Amino acid sequence: MDSLRNGLIAEFLFDGNALDTGNSGNYSGQVYGAVPTADRFGNPGSAYEFDGINDYILVQPAPKLNKEAFSLSVWVRYGRDAKLSWWNNAIISQDGHEGRRVFQLSTYDNRVTWHRFFQSDEVFVQEPVRTGLWEHYVTVFDGSTHKLYRNGILMTEKPGRLEPNEEEPLYIGRKSTDEPYFFFHGAIDDIRMYDRPLTDDEIIALYTENGWDNPKFIAAAQRAKSGSDSVEIKHKREPNQKLRVENTNFAYSIFVNCRAEDVKFHDVSMPDLSIECADLRRTRLHNVNFSNGKISDANLSDLEIDGAQLGGAYIHNIGLPPKGHPAFVEGAKQRPLRFENCDLQGSKIENCNLSGVAIERCNVQGTTIDGISVEALLDAYKLSRQV
Ligand SMILES: [Ca+2]
Ligand SMILES: [Ca+2]
């Protein structure tokens, strides 16, 4: 999109260096420790990796900001073991000591936050950071409102101001003060700063730049479109837009990169439903036929299954994510599970870690451990105690 050069006060594409390719070219960065890495398309040496300890890029002097309007676009991949508690992981900031605090795109707990200090409330993404995956963030200030977009979708907006400070340098991958938890752990790429608000179409153009999208969903969307009467709802991003679909056939529909908190489905036929890469915390399935369903590579901690037919169920590879998995956490411990009033007769438990398992008030008739009858074991034990 041609308009994306308009008002481009600085641009860092990180093509093996931190040169400013914006309209002035005056703001090239000095690299301290950060190393070139693959970008979101896998092109080597086209983004920068930061170790979360002391790596950063300094831009001094900082690009001259417009008090009335500002936009910032950046791609981010948090490290799989990035520490995400309290204030942490500054992506880009211009935030020195008192009186020199301009902005900070950083992280509060596990949420990306556009931190505006006392000039506005926190503008943050409600959903947690997905470590190990590239995500696109844009902030827009139009003179009165700060907006934060993730992957082309408006996540939050809050009223506020912008107070530029030309003395304060711009930092990528840290905050100018040296709190260790602000050093960014992961990769950063394709930073663009504007002295005007970007439009919704421009934000989508930045998100889909160079054909970024999920090829699997594109194929599915093409199939869905080939239907006789397809309705396309695209880039509708007002914060409180709701859809009411009733007495309608919407088989083969596709939802991609959508916000859909608190959606309700009632009395619907939806066999072959497929949900991938989704935040489904606190989902409730009640009075549903989920037979032949499959749950894989999922966080099911604190899941409760109550009143369910599970005959024929195959439960395998249960535990914490292994090393190398995006959700792996060093030193995390498996918490115990609890089975109560379950009919498990004739079931088989194989190659499982049952250390510390307590079996109480259960019918163990016919139960064996490695071919030895538990009833016989208990009888032999009781007998040995009587002697
Ligand atoms: Ca790049
Ligand atoms: Ca280092």
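Guide: Domain bounds here come from an automatic or database domain assignment. This is a predicted model, where local features need pLDDT of at least 70, side-chain atom pairs count only at pLDDT 80 or more, and totals for chains, interfaces and linings use all residues. Residues are numbered from 1 along each chain as its sequence is written.

Visitor: What are the domains, and how far apart are the centres of domain 1 and domain 2?
Guide: The assignment gives domain 1 (2-211), domain 2 (215-283) and domain 3 (289-387). Taken over C-alpha atoms, the centres of domain 1 and domain 2 are separated by 31 Å.

Visitor: What makes residues of domain 1 and domain 2 count as a contact?
Guide: Their C-beta atoms, placed from the backbone, must lie within 7 Å. Eight residues from domain 1 and six residues from domain 2 take part. On the domain 1 side, E13 gives the largest share, three residues.

Visitor: Why is E13 said to pair with E12?
Guide: Pairing needs at least two DSSP bridges between two strands (a strand is a DSSP run of at least two residues, numbered from the N terminus). Six bridges join E12 to E13 (residues 153-159), so the two pair, and they run antiparallel. Lys147 stands opposite Glu157 in E13. In their hairpin, with two residues between the strands, Asn151 has a positive phi near 45°.

Visitor: Why is E12 called mostly covered?
Guide: A residue is buried if 20 or more other C-beta atoms, placed from the backbone, lie within 10 Å of its own. Five of the six residues in E12 (residues 145-150) are buried, so the strand is described as mostly covered.

Key
Chains lettered and ligands numbered in written order. Buried ≥ 20, exposed ≤ 12 C-beta atoms within 10 Å, placed from the backbone. Helix = DSSP H or I, 4+ residues; strand = E, 2+ residues; numbered from the N terminus. Contact = placed C-beta atoms within 7 Å.
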